[in-house]
Amino acid sequence: MALYRKYRPSSFAEVVGQEHVTEPLSNALNSGRINHAYLFSGPRGCGKTSSARIMARSLNCEQGPTPTPCGVCDSCVALAPNGPGNLDVTELDAASHNGVDDARELRDRAFYAPAQSRYRIFIIDEAHMVTPQAFNALLKIVEEPPEHLIFVFATTEPEKVLTTIRSRTHHYPFRLLAPKTMRGLVEQICEREGVVVDDAVFPLVIRAGGGSPRDTLSVLDQLLAGADGNRVDYPSALSLLGATDMALIDDAVDALAAGDAAALFGAVEAVIDAGHDPRRFGTDLLERFRDLIILQAVPDAAARGVVDAPADVLERMRGQAERLGTATLTRYAEVVHAGLGEMRGATAPRLLLEVVCARLLLPSASDTESALLQRIERIETRLDVSIPADEAAQSGTGGSTLGAPARQYARRSNQAPAAPAAPASEPPPAPSREPAAPPRAAPAAAAPLPPPPVRQSAAARQVAAPEPVAPERAAPERTAPERTAPEPVAPPQPVARPEPVARPEPVAATPPPQAEAPAAGQPDAAAVRNLWSTVREKVRERRRTTDVMLDGAIVVAVERDTLVLNHVSAPLAKRINEARNVEIIREALKDALGVNWNVRCEAGAPSAANPHQQRVQSEPSAAFEPPPDDVESMLAEAQSENPAPRRDPEEVALELLQTELGARRIGDAG
């Protein structure tokens, strides 16, 4: 006999996982509040028909109505799970008896009194298959039945039952069993059967059953029938059920965590070589992503029964959940789910599976919300690299946990040459005015390093002008011309190109104060320069005019929560500082770097004290600055030529200005 028939419950106390239904029915039987019609709904194989038979047995027991039938009276023996049946309890399959004639015959039989029992009970299985005309034929007797008549409708689709019938019943919805509850039931049955089952087999059986007790017991019955002796091992169950080996799933997830495309496609090749269905592999991979997401959100998910897996597999899954972020796992699940839909009915499922794997390796190929969150998650991981080593050591986070993308980002960030900074406690000595002794001849490789970049605030940005001296007494050095901060009210004046001074003598000057460093965990100016092209793309998406203004701007420093820019053109620097343009740049910084900074643009020639401010262009084009009236005249000319422009006049003027700048650079280069 099949296991699902052998272990069919005979009372409400034996029904597993449906306490929300069995307890109210038991209370109703104890209190004698019996209704004339019941509707049991739920997925297939969850106990609807079995509960209807238990209900009939409890109602017609000689000791009843009672939720605990005696099991010895004639009615209980006849209505037992494997009993012969009772004349007063009729069970109909509505899939084959759904017409009007069948409903009329049932209605005529319902008026007769029970032969040997207390109630005459009609159990109508698959009630959603009854036609509306047949339901209308039963409507009157269901609405006003005789005192001895009780209807029990069982269906998987209660919404298809006629509304007038459904409104006259007591509706009890059944549900699928949780994996933890199902495992207890399966282990109990295996113990009764005297069969030893490997611990890794239970998750396979439970997943194959899909939460249905009847389907799960059918799968278990198949494994027990094909077992060698009284033992069911994992390899035989894996091959019989067609599930994917956990080792292949682990290889695929580890390859995704490391960004190893060769290992990922190698896992797909192993799946095909093992004879597994590509769609089944995708389903099992999606279930693994689901388990990893649950483990990240609920650390004790295994103890709660939300995630069911052996102890060694759970340990590997926890390690995978630590390496992959929540946003990454969410996007992986969405991509695999979409790929499973494309595989349905496909003639080349392996090809589609490999395309899905390629999508998993390319987060930038999608503009969905999950892909954006994954890119932000990766940017946040990269920003952790900018934390100094001593701060990381104090906070307890070492560099050993960084992934491959973060290490590559760190190497790119460290390529910029940096001069050793002088100790803060000892200020640099002032150079003497006495003639310096001729230096010793040194090899070409020992050339002095450029002075370290000095970050200073806008208020204190002032360098002393050099004092001209005799050529024979001056050292071969060049000092920066004097530059002051631009006035906020007066229109800025064009900055003239400084005249080269022949061999000026270095003059002792007070070093400018150091600028405030960025907050811990935030990128510094070097990191912003590396990602400046990404910031420009985000600005261009919001407003092209603002992006044109930033053509001549460079990143100078990061002062706590302020990004300092420098622009050669004073009018454009003034326009960049406008509230609208500042807000656009701030939003672009949020998208690209995940920071909330203010933006300040300063005007003037680049400073020689900071090597990062030196522009890669010729001297004449670097010193060129259009007068303030040029921009206003361009705006007026654009407005006069186009009385009703479809584009922003400021954008047209900036394009003209950009064209003129390019023409002058070409002329200087020629």
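Analyst: Cys 76 is found in helix 4, residues 74-78; helices here are DSSP runs of H or I with at least four residues, strands are runs of E with at least two, and both are numbered from the N terminus. At 0% relative accessibility, Cys 76 counts as buried, where buried means under 20% relative accessible area, exposed means over 50%, and partly exposed is in between, using a 1.4 Å probe and protein chains only. Leaving out residues up to four places away in sequence, Cys 76 touches Arg 57, Cys 61, Pro 69, Cys 70 and Gly 71; a contact means heavy atoms within 4.5 Å. There's also a C-alpha separation to quote: Cys 76 and Ala 56 are 20 residues apart along the chain, and their C-alpha atoms are separated by 9.3 Å.

Before going on, a word on what you're looking at. This is a predicted model, with residues numbered from 1 along each chain as its sequence is written. Local features need pLDDT of at least 70 and side-chain atom pairs count only at pLDDT 80 or more, while totals for chains, interfaces and linings use all residues, and side-chain values use heavy atoms, with hydrogens and water left out.

For the overall picture, the chain's secondary structure comes to 29 helices and 10 strands. Of its 670 residues, 40% count as buried. If you take contacts between residues at least 6 apart in sequence, 75% of them join residues at least 24 apart.

Ser 26 sits in helix 2, residues 19-31, and is buried at a relative accessible area of 15%. Setting aside neighbours within four places in sequence, Ser 26 is in contact with Phe 12 and Pro 67. Ala 333 belongs to helix 17, residues 326-343, and counts as buried at 16% relative accessibility. With neighbours within four places in sequence again left aside, Ala 333 is in contact with Leu 286 and Phe 289.

Now the helix pairs. Helix 12 (residues 246-258) packs with helix 13 (residues 261-273) at an angle of about 160 degrees, and their axes are 8 Å apart. Axes are lines fitted to C-alpha atoms, for helices over the stretch in contact, and angles run from 0 to 180 degrees between N-to-C directions. Helix 12 and helix 13 are therefore roughly antiparallel: angles over 145 degrees get that label, under 35 is roughly parallel, 65 to 115 is roughly perpendicular, and the rest is oblique. The crossing of helix 12 past helix 13 is left-handed, meaning the near helix is turned anticlockwise from the far one by less than a right angle, with clockwise giving right-handed. On the helix 12 side the contact uses Leu 248, Asp 251, Ala 252, Ala 255 and Leu 256, and on the helix 13 side Ala 263, Leu 264, Ala 267, Ala 270 and Val 271. That contact divides into 9 nonpolar residues, no polar and 1 charged. Here Ala, Val, Leu, Ile, Met, Phe, Trp, Tyr, Cys and Pro count as nonpolar, Asp, Glu, Lys and Arg as charged, and the others, Gly among them, as polar.

Helix 9 (residues 201-209) and helix 10 (residues 213-225) pack at about 135 degrees, with axes 7 Å apart. That angle makes helix 9 oblique to helix 10, and the crossing of the two is right-handed. Val 201, Val 205, Ala 208 and Gly 209 of helix 9 meet Asp 215, Thr 216, Val 219, Leu 220 and Leu 223 of helix 10. By residue type, this contact has 6 nonpolar, 2 polar and 1 charged.

Buried residues in helix 26 include Ile 584, Ile 585, Arg 586 and Leu 589. Just after helix 26, Gly 594 takes a positive phi of about 70 degrees.

Glu 126 has phi near 55 degrees, lies in the loop between strand 3 (120-125) and helix 6 (132-143), and is partly exposed at 26% relative accessible area. Arg 560, also not a glycine, has a positive phi of about 55 degrees and lies in the loop between strand 8 (553-559) and strand 9 (562-567).
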